[in-house]
Amino acid sequence: MDAATRTQHWALSLAEKCSLAKQYILEALANAPSRVALGWTGGKDSTVLLWLTREVCHEANLPMPQCVYIDDGDVFPEIDFFVRSTTSAWGLDVAIIRNEDLLFRQPRIGEAIDVTALSSTNQLQLQAIGYHDSVFYFEPESFAGSHLTKTVPLLQYLSQHFISHFLVGIRWDEQEQRLGEEFNSLRDNPPHTRVHPILHFRERDIWDLIHGERLPFCELYRQGYRSLGARSTTRPLAAVPAWEQDLEHTSERQGRGQDKEAVMEQLRSLGYM
Amino acid sequence: MKQKALVIGLDGVPYSMLSALMQQGAMPYLHNLAKHGAFGAMEVPLPPISSVSWTSFATGKSPCHHGIYGFTDISSTHSLVFPTFLDVRCRTLFDALGTMGKRSVVINLPATYPVRDFPGVLISGFVAPDLARAVHPPAMLPTLQRLGYRVDVDLTRIRSDPELLYEELYDILTTRIHTAELLMNNEPWDLFCLVITGTDRLHHYDFEAWTNSQSRNRSKFISYYNAIDSNIQRICDSFITQQGSDPYLLLFLSDHGFTQLDAEVYCNALLQQHGYLTFLHDSPKMISQLAPATTKAFALDPGRIYVNRSDRFQHGCVSPQDVPALCDRLAQLFLDLQCEGKQVFQAVKRREELYTGPCAQFAPDLVLLPHRGFDPKGALSDVVFKKGHLTGMHTHDDAFWLCAGSAEFDPPQTILDCSGILTSFFMQER
């Protein structure tokens with residue numbers, strides 16, 4: 001998406017942003033209601049997406065799509081609790097998916113697993129991303145780790161359920177790599193459309209909506225977390241609740257441990273590690 | 001009247017070396033300041049490593065209060081974690097000044113990554129892999145990018161071609177000083193803090209140029225310090241002129257000493273040879289691959305020994321009542337260690353001796369204090385003693401401080417005392 005379009009969208013009022021999001025959701029649902037699913041992480045954005053989808057289903061008298069929750073083996077208990085309580089409060093149908101072959105071993109974070117001990121599917125998936133080490137380290141947020149713990153079970157779910165439209169709560173202003181995203185984006189493995197209805201929401205919009213509509217949110221945000229990832233690599237950004245932080249001038253992704261490899265390389269060159 | 005303080009950190013510069021450089025005439029400006037002000041040696045908390053020391057400077061507290069014990073740490077499931085600025089458990093000097101309405105500009109202070117809400121300008125120092133997350137306020141990022149600002153010398157490049165070391169050091173120094181001058185003149189500030197880390201990199205990679213007077217890089221080494229001295233002079237002269245008759249404080253300090261490295265000591269190899277440490281696999285790459293059921297103790301950089309206690313680690317196998325006796329045996333093992341007939345460690349400190357604050361529970365069980373020349377390592381290795389490409393190592397003593405300007409204070413004994421000098425300077429009624 002180009003900068004001018006993004007700026008136009010960001011300038012909309014919150015009500016206008018919601019109604020645009022609902023249009024995209026309705027379009028997807030009207031297409032093939034039984035083949036739509038929604039990615040729910042228990043985070044603030046996907047919970048807002050979930051609420052908007054409930055509103056659309058209610059208004060148009062459509063069935064709620066199934067929600068997909070990925071258990072990557074390193075989940076905050078607070079997120080687990082939030083997902084369970086919201087599932088029952090909102091009467092949701094939630095599919096909890098995980099990489100069984102990996103997680104039944106109950107690996108510790110950082111634990112080394114022989115690649116040959118993994119299932120042939122997992123071995124093929126590692127080859128597919130160019131991973132040729134003989135040992136796989138269980139770290140949900142490394143490149144290979146995230147591929148096996150999150151991407152692989154999701155792709156399996158999408159193909160097994162013949163999903164045609166998958167709703168995801170990403171936003172342009174989350175991080176730079178998201179800026180090019182479109183509201184509807186075609187994927188070919190398996191063939192389906194990724195629908196990003198709240199792409200144009202700012203972090204502030206999310207909190208305004210959550211507070212304005214009294215939506216539930218995970219307790220971690222009150223403790224200062226801004227963006228939720230794997231438990232072992234995610235930190236709070238300040239001692240005040242997320243919505244009281246300087247959302248406009250600090251990055252919500254700062255608390256996410258994504259440059260571990262770069263850090264390790266630099267420490268090594270000074271003889272540390 | 002408006003009082004202002006300027007702090008310049010010289011990472012890894014020993015008091016003994018700086019005095020000698022002054023005597024030799026290589027650092028005339030600092031020499032002159034030292035003659036008119038006060039100059040001395042101080043200690044830093046154990047372990048002597050930049051992230052711990054600079055956090056101690058920034059908070060005025062020891063590691064058992066701020067919670068940073070190294071560039072790496074170990075989680076309750078034995079995975080290796082990298083403590084960040086967000087993990088610092090107590091308030092920094094800059095936050096405290098912020099509540100007094102004072103604004104700080106901080107450039108290249110190690111262990112302040114990623115940036116967070118900050119009363120002033122903060123440009124994080126090492127380790128800071130992504131500049132976008134190393135700058136507060138974020139609006140300052142384009143300016144730094146335009147200047148070609150880099151957090152550190154390209155260590156990977158230097159490792160592949162050591163000839164590039166001095167070129168990289170000058171390049172980084174020039175941009176850093178340029179950035180400092182720009183912020184000094186265009187930002188409002190009360191405390192300005194600039195850390196030069198090239199000195200530490202130089203010592204790690206070419207300390208021999210200092211210890212060996214025959215080294216072919218000797219004159220390059222001296223010239224680099226000469227360049228630092230003249231750049232410091234330019235910054236200080238401009239600051240003192242701007243201050244006019246208003247009170248000012250100049251504080252220079254280092255975060256640890258440095259000495260020649262004779263041998264790297266791989267503590268985990270020693271523990272493995274004596275049956276205290278076992279791994280899940282034959283050729284382990286990281287300490288997180290230890291076998292929790294059979295490991296009694298393991299080491300992290302630099303010289304931090306952890307007992308695999310069941311009350312600390314989820315899969316720990318040493319029960320709390322067995323810890324004291326095990327620590328005795330481990331201490332003896334390290335004290336008995338010799339290299340070519342020389343004792344390697346002068347002392348082994350217990351957690352209880354060093355750390356008593358609220359974060360003591362995260363501290364190592366033992367900290368090794370080596371004799372000069374022996375650098376304890378946490379990395380994995382097949383042999384206990386090795387000599388790699390690095391030529392210098394840190395010491396916990398022989399760090400320096402130098403103070404000039406209109407402040408009255410007791411000479412700091414440790415780096416913890418430095419933030420007190422700054423806060424009392426700002427609190428003085430004038």
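In which loop of chain A is Arg214(A) found? In this predicted model, Arg214(A) is found in the loop of chain A between α8 (203-212) and α9 (260-269).

**View 1. Arg214(A) and its backbone angle.** Although Arg214(A) is not a glycine, this residue has a positive phi of about 50°. A reader who wishes to find Arg214(A) in the structure can look in the loop that runs between α8 (203-212) and α9 (260-269) of chain A.

**View 2. Two cis peptide bonds, one in chain A and one in chain B.** In chain A, the peptide bond that leads from Asn189(A) to Pro190(A) is cis, with omega near -10°, and Pro190(A) lies in the loop between β7 (184-188) and β8 (191-195) of that chain. In chain B, Asp301(B) and Pro302(B) are joined by a cis peptide bond with an omega of about -25°, and Pro302(B) has its place in the loop between β12 (297-300) and β13 (304-307) of chain B.

**View 3. The packing of helices α6 and α7 in chain A.** Two packed helices are described by the angle between their axes and the distance between the axes. Here helix α6 (residues 120-128) of chain A packs with helix α7 (residues 143-160) of chain A at an angle of about 115°, and their axes are 10 Å apart. The contact draws on Thr121(A), Asn122(A), Gln125(A) and Leu126(A) from α6(A), and on Ala144(A), His147(A), Leu148(A), Val152(A) and Gln156(A) from α7(A). Sorted by class, the residues of this contact are four nonpolar and five polar, with no charged residues. The crossing in which α6(A) passes α7(A) is right-handed.

**View 4. The interface of chain B and chain A.** In this interface, 44 residues of chain B are in contact with 32 residues of chain A. The area buried between the two chains is about 3400 Å², of which carbon and sulfur atoms give 58%. On the side of chain B, the residues that lose the most area to chain A are Phe82(B), Leu86(B) and Arg133(B), which together account for 18% of what that side buries.

**View 5. Salt bridges and polar contacts across the interface.** Side chains of opposite charge can pair when their charged atoms come close. Asp133(A) forms a salt bridge with Lys285(B), and their closest N and O atoms are 3.4 Å apart. This pair crosses between chains, from the loop between α6 and β5 (135-137) of chain A, which holds Asp133(A), to the loop between α12 (267-273) and β12 of chain B, which holds Lys285(B). The side chains of Asp87(B) and Arg235(A) also meet in a salt bridge, at 2.5 Å from N to O. The elements that give two or more residues to the side of chain B that touches chain A are α7 (155-160) and α9 (198-206) of chain B. By class, this side of chain B has 21 nonpolar, 14 polar and nine charged residues.

Definitions and conventions. Residues are numbered from 1 along each chain as its sequence is written. Chains are lettered from A and ligands numbered from 1 in the order in which they are written. This is a predicted model: local features need pLDDT of at least 70, side-chain atom pairs count only at pLDDT 80 or more; totals for chains, interfaces and linings use all residues. Side-chain values use heavy atoms; hydrogens and water are left out. Axes are lines fitted to C-alpha atoms, for helices over the stretch in contact, and angles run from 0 to 180 degrees between N-to-C directions. Helices (H or I, at least four residues) and strands (E, at least two) are DSSP runs, numbered from the N terminus. A crossing is left-handed if the near helix is turned anticlockwise from the far one by less than a right angle, and right-handed if clockwise. Contact means heavy atoms within 4.5 Å. Ala, Val, Leu, Ile, Met, Phe, Trp, Tyr, Cys and Pro count as nonpolar, Asp, Glu, Lys and Arg as charged, and the others, Gly among them, as polar. Buried area is the accessible area (1.4 Å probe) that two parts lose on being put together, summed over both. A salt bridge is a side-chain nitrogen of Lys or Arg within 4 Å of a carboxyl oxygen of Asp or Glu. A polar contact is a pair of N or O atoms within 3.5 Å; within protein, one must be able to donate a hydrogen and the other to accept it, and residues adjacent in sequence count only if both atoms are side-chain atoms.
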